[in-house]
Amino acid sequence: MLSLGHSLEIVKDLGDAEEVAEQYDLKDFNGTHAIGHVRMATESDVDISGAHPYWAYPFTDVAVVHNGQLTNYFQWKRRLERSGHRFQSECDSEIIAVYLAEKMSEGASLEDAMNDSLEELDGVFTYIAVTADALGVCKDEMAAKPLVLYESDAIVALASEEIAIRAVVEHEVDTYDPYEGEVMVWQR
Amino acid sequence: MATVGESRITYDARGLAEPFADAPRTAEIEHGKATFDAKDLTTRQINLELRRLLYEEGIDDVIVLNPGSKHSIGVGILTRCRITFGGSLGYFGCGLIDGPEIHITGRVGWSACENMMSGVVIVDGNAGSLTGAAMRGGDLVVKGRVGARTGIDQKGGTILTVGDAGSMTAFMMQRGRQVICGNVGPGLGDSMYDGKIYVGGTVKSLGIDCVPGEWDDSDTEFIERKFRIYGLGDPPEFQKFVCGKKLYNYDNLEPSERKLVL
């Protein structure tokens with residue numbers, strides 16, 4: 001998922017990160033922020049509909065990658081369906097994208113919507129959300145899922161493990177794990 | 001080694017990622033001290049080179065440069081030696097060790113020093129969650145901050161954190177000591193059985209059956225000794241927390257005995 005300055009573009013396919021990057025020439029993409037996800041399927045099938053990032057259809061430019069499980073998935077799915085939303089998958093992570101998009105369409109900022117999600121979404125999660133001009137991360141109150149953060153004057157990098165950050169930053173980096181219940185948003 | 005379908009992905013039924021790796025033999029040995037660069041080595045190659053030096057060459061002082069935050073490095077070292085990692089380690093670093101003195105100049109990921117039996121590990125940077133999980137002995141010193149559930153199921157030894165600690169620190173702690181100089185998140189010492197926790201900063205909330213403990217001379221001696229050994233300066237004022245033992249509902253009889261009696 002990349003922001004090309006004005007809008008987000010999404011690429012999903014089956015294969016490892018290297019294969020998909022090569023297939024879609026990701027190295028030629030230009031943008032200010034990007035999120036990516038390699039999924040280990042647990043609940044739903046290994047197919048493209050189960051792949052992250054999830055786009056908040058029908059809203060524009062809200063997408064999410066998620067590590068964890070939402071235990072009130074069906075409640076939220078029914079609630080959001082009653083509000084007229086339709087889902088593209090059976091994956092709980094899609095809820096987060098639509099949930100945030102709906103909050104923002106009602107006037108909330110990305111940060112406010114993410115803070116609300118700490119109270120309203122049950123289960124364990126670390127998720128990253130992007131809009132056309134912002135990137136945010138949210139970690140549940142149990143800090144059950146990993147997140148490593150690196151911030152420098154040049155970049156902000158977030159990943160489940162530092163080795164992923166070291167794949168794009170050659171030198172030793174000073175990283176830390178944000179704590180439980182933290183929401184952080186970076187605006188372009 | 002089996003191949004999955006027509007894909008180039010292969011797997012080993014024993015679960016080994018690189019079942020046929022060999023020690024790369026790239027270390028330079030000088031005056032009984034070995035140094036090797038881990039930058040282009042895989043996890044198994046790094047561990048095999050470490051083991052070759054420690055167990056076959058009889059070297060007891062090894063420097064590993066550029067570990068690159070790789071996972072499962074320095075695991076299962078069961079001999080007295082000195083190891084320096086010049087950089088950061090990923091998940092499960094230095095787990096299951098018995099004896100070594102290890103210095104990590106960067107940070108460590110989740111579950112560092114899991115099930116550590118004895119020795120000393122000093123981490124100059126931060127640590128992820130589950131640091132020192134099920135630790136049984138030795139000293140683990142983190143000069144930065146630690147993540148959630150530090151010392152979960154701790155059964156001995158000391159975990160000393162200079163910075164802050166996350167939620168559920170010392171969850172189900174059974175023995176040993178934790179010293180946290182900074183602030184601690186919610187649920188400190190939740191469901192602990194025994195052991196002592198010392199906190200220099202604030203505690204967001206105590207977990208179930210974790211209560212303030214009475215300070216005595218042995219606590220002062222312990223804190224001063226550890227600060228002196230690790231050159232941490234003057235200790236701050238600590239609060240002590242112990243198990244309230246309200247969750248102790250153990251039956252005196254073994255299950256088999258219970259059946260006979262009842």
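Two residues are in contact here if their C-beta atoms, placed from the backbone, lie within 7 Å. This is a predicted model, in which local features need pLDDT of at least 70 and side-chain atom pairs count only at pLDDT 80 or more, while totals for chains, interfaces and linings use all residues. Residues are numbered from 1 along each chain as its sequence is written, and chains are lettered from A and ligands numbered from 1 in the order in which they are written.

**Helix 3 of chain A**

- Helix 3 of chain A covers residues 93-105, where helices (H or I, at least four residues) and strands (E, at least two) are DSSP runs numbered from the N terminus.
- The end C-alpha atoms of this helix are 19 Å apart, which agrees with the 18 Å that its 13 residues should span at 1.5 Å a residue, the expected span being 1.5 Å times one less than the number of residues.
- Because 10 of its 13 residues are buried, helix 3 of chain A is largely enclosed by the rest of the structure; a residue is buried if 20 or more other C-beta atoms lie within 10 Å of its own, exposed if 12 or fewer, and partly exposed in between.
- Among the buried residues are Ser93(A), Glu94(A) and Lys103(A), and the buried residues of the helix pack against strand 3 (54-55), strand 4 (62-70), helix 2, helix 4 (110-120) and strand 5 (123-131) of chain A.
- Just after helix 3 of chain A, Gly107(A) takes a positive phi of about 110°.

**Its packing against helix 2 of chain A**

- Helix 2 (residues 73-82) and helix 3 of chain A pack at an angle of about 45°, with their axes 10 Å apart; axes are lines fitted to C-alpha atoms, for helices over the stretch in contact, and angles run from 0 to 180 degrees between N-to-C directions.
- That angle makes helix 2 of chain A oblique to helix 3 of chain A, since angles under 35 degrees count as roughly parallel, over 145 as roughly antiparallel, 65 to 115 as roughly perpendicular and the rest as oblique.
- Tyr73(A), Trp76(A), Lys77(A) and Leu80(A) in helix 2 of chain A meet Ile95(A), Val98(A), Tyr99(A) and Glu102(A) in helix 3 of chain A.

**Its packing against helix 4 of chain A**

- Helix 3 and helix 4 of chain A pack at an angle of about 130°, with their axes 9 Å apart, and helix 3 of chain A is therefore oblique to helix 4 of chain A.
- From helix 3 of chain A, Ile96(A), Tyr99(A), Leu100(A), Lys103(A) and Met104(A) meet Leu110(A), Ala113(A), Met114(A), Asp116(A) and Ser117(A) in helix 4 of chain A.

**Chain B**

- Chain B has three helices and 14 strands, and its C-alpha atoms fill a box of roughly 55 × 55 × 30 Å, taken along the principal axes.
- Of the 262 residues in chain B, 44% are buried.
- Ile59(B) lies in the loop between helix 1 (43-56) and strand 5 (61-65) of chain B, and counts as partly exposed because it has 18 C-beta neighbours inside 10 Å.
- Leaving aside neighbours within four places in sequence, Ile59(B) is in contact with Ile29(B), Gly32(B), Ala34(B), Leu53(B) and Leu54(B).

**Where the chains meet**

- In the interface, 21 residues of chain B are in contact with 14 residues of chain A.
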